[in-house]
Amino acid sequence: MDVFPAFFPLAGRRIGLAGDGEGLEARLRLLAGGPAELVRLAPEEAVSPGCWTGLVLGFIAHPDEAFAARASEAARQAGVPVNVMDRPALCDFTVPALIDRGALVAAFGTGGASPLVAARLRAELEPRVPEGIGRLARFLDARKTDLRRRWPDPGERRVVLSALLEGPVAAAVLEGRSDDEVQELLEHALTGSTRPPGRLFAIPPQTPADLLSLRALRALSSADVLVSEPGEGHDVAVLARREARRLSPGAAGPPVVSGLISEGRTIVLLVDPGPWRTAGLSAEALPVAGNA
């Protein structure tokens, strides 16, 4: 990882913008509609550190490189990280290509190496991100205190949330149904089975990462446990949740996996599923791309 992506909370914050031209207007359009207060600094102000005081981020866009250098230095003296359009050497951070769904934001960046690559990836993936996914994130955020109280164990709570995200509650939010309808579905889901059934998936060993099907990628992203031979399947394993436990086949025998399934966990096998199937555990085979 050449650069570290980070998300700055914007509510109640102030962001400074300095410069002129279409570049600055593009930055204004990017930030418009968010909860931050946008402070537009005149060129003669932007070269003074005092004008940047109290701001959390700075954006500069101007055709004059000398001005951009002076303004960015003034921002740094005030302790404000700054982005200077088209001048990566003057930047403390770069602006990624974004998919904006309100509470949910996906970012694709190359650290300034090739913005067009990031923009192309965003264009390919944006149609797959539902418009209502941000509303779903806000809906669950508003109820996180209740969810944490009812399921204080993080692992148990994640199992419940995973079931919600794949059930009628999430579907109702994405369909734009009313909050009252969604709340009723949520209460019904939460007062039902508190421990959704676990799932066992199998991905063929040595499957190239670029041939994984969408279903396989989804299973990896929701995995609680990943079973693989040490040192094998690395290209696929890195696509799984970082928080997922990594177990060797010897440490994840059928009794262990059976217990995890009873707890509602999702297990992905990157090894031959034969021993588990022989023990009576049904592992859903996940096909590679082109066979899904």
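Mentor: Gladly! Two strands pair if DSSP finds at least two bridges between them; strands (E, at least two residues) and helices (H or I, at least four) are DSSP runs numbered from the N terminus. This is a predicted model, where local features need pLDDT of at least 70, side-chain atom pairs count only at pLDDT 80 or more, and totals for chains, interfaces and linings use all residues. Residues are numbered from 1 along each chain as its sequence is written, and side-chain values use heavy atoms, leaving out hydrogens and water.

Trainee: In what order do the four strands form the sheet?

Mentor: The order is β2-β1-β3-β4, in an open sheet with parallel pairing. β2 (37-41) and β4 (82-84) are at the edges with a single partner strand each, so one side of each has no neighbour in the sheet. From one strand to the next, the twist averages 20°.

Trainee: Over how many bridges do β1 and β2 pair?

Mentor: Five, in the parallel sense, with β1 spanning residues 14-19. Ala-18 stands opposite Leu-41 in β2.

Trainee: Which strands does helix α1 touch?

Mentor: Contact means heavy atoms within 4.5 Å. Helix α1 (residues 22-31) packs on the sheet and touches β1, β2, β3 (57-61) and β4. Angles run from 0 to 180 degrees between N-to-C directions, with axes fitted to C-alpha atoms, for helices over the stretch in contact; α1 makes about 165° with β1. Helix α3 (residues 65-77) lies across β1, β3 and β4, at about 170° to β4.
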